[in-house]
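This briefing covers the nonpolar core and the aromatic side chains of one protein model. Please keep the sequence and the structure in view while reading.

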Amino acid sequence: MEYENMVALVSRTGRHLQRYDNGLRQVVGCIPYRYKDRINTLPCLDEDAYEVLVISPQRKGKGMLFPKGGWEIDETIEAAALRETIEEAGVVGDIECKLGTWNFGSMRSGNACEGHMFPLLVKEELDCWPEMNIRQRHWISIGEAREVCVKGWMMEALELLASRLTRQSRQSKVGMFPGTECGSQGILMPLRCGRQMLPPPPSNSAEEA
């Protein structure tokens, strides 16, 4: 589905198209993220090189959330995740491989839910989006997100994203500089070479022969 068509939509309402699986309401969402610096010059990246986008709850309350909502029967799981992110957070980008699936209970409806979360590498922030008048959005560090995220299952998804981003960035950087590895502080270092086994010296009898 084209971004332009999705942005033109108002937020979907109602549950008549809601998807269920074994009695569990299917919920999808994204953790939008970006690089702090558009041009990365660090040899290796740790989680401090990234920011994530959080949004305020629809109802007044403490803490922040990541965009998510119901997966409906007329859309793919990726299209649903992107739609919910556009509706609630007003950003678009590239959806990456799913982080995981979590079971939780909805405090609002009391229904049992199954949630699916994806990373979204943000490419564009919209000036206008369907829920701009009822939600606030903020770019914060991954460390700050740990402090304000109020949903335990979203926190687990955040930890998986942080681990994935750090691992992928270190692997890609090492690939650019053969013969190196990333140290614990994200600094490229020469690979540690093992001891080489030297051949034994020739025996006296061999020399005499």
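This is a predicted model: local features need pLDDT of at least 70, side-chain atom pairs count only at pLDDT 80 or more; totals for chains, interfaces and linings use all residues.

Which residue lies over the face of W139? It is R34, at 4.0 Å from the ring centre.

**Nonpolar core**
- The largest nonpolar core holds 45 residues.
- Those with the most contacts inside this core are I31, Y33, V52, F66, M117, L158 and L161.
- Helix α4, residues 152–176, gives the most to the core, with seven residues.
- Apart from its neighbours within four places in sequence, L161 is in contact with I31, Y33, V52, L99 and P119.
- In soluble globular proteins, nonpolar side chains tend to be buried together.

**Aromatic pairs: Y35 and Y50**
- Four aromatic pairs are found in a search of the whole structure.
- In one of them, the ring centres of Y35 and Y50 are 5.2 Å apart and the planes are at 35°, so this pair is tilted.
- Y35 belongs to strand β2 (residues 24–35) and Y50 to strand β3 (residues 50–55); the two are 15 residues apart.
- Y35 is partly exposed, at 37% relative accessible area, whereas Y50 is buried, at 2%.
- Y33, Y35 and Y50 make up one aromatic cluster.

**Aromatic pairs: F104 and W153**
- The rings of F104 and W153 are stacked, because their centres are 4.4 Å apart and their planes are at 10°.
- F104 is in strand β6 (residues 100–105) and W153 is in helix α4, so the pair ties together parts 49 residues apart in sequence.
- F104 is buried at 17% relative accessibility, and W153 is buried at 8%.

Note on methods: Residues are numbered from 1 along each chain as its sequence is written. Side-chain values use heavy atoms; hydrogens and water are left out. A nonpolar core is a set of buried Ala, Val, Leu, Ile, Met, Phe, Trp, Tyr and Cys residues joined through side-chain atoms within 4.5 Å. Buried means under 20% relative accessible area, exposed over 50%, partly exposed in between (1.4 Å probe, protein chains only). Helices (H or I, at least four residues) and strands (E, at least two) are DSSP runs, numbered from the N terminus. Contact means heavy atoms within 4.5 Å. Rings of Phe, Tyr and Trp (its six-membered ring) pair if their centres lie within 6.5 Å; planes under 30 degrees apart count as stacked, over 60 as edge-to-face and the rest as tilted. A charge sits over a ring if NZ of Lys or CZ of Arg is within 6 Å of the ring centre and within 35 degrees of the ring normal.
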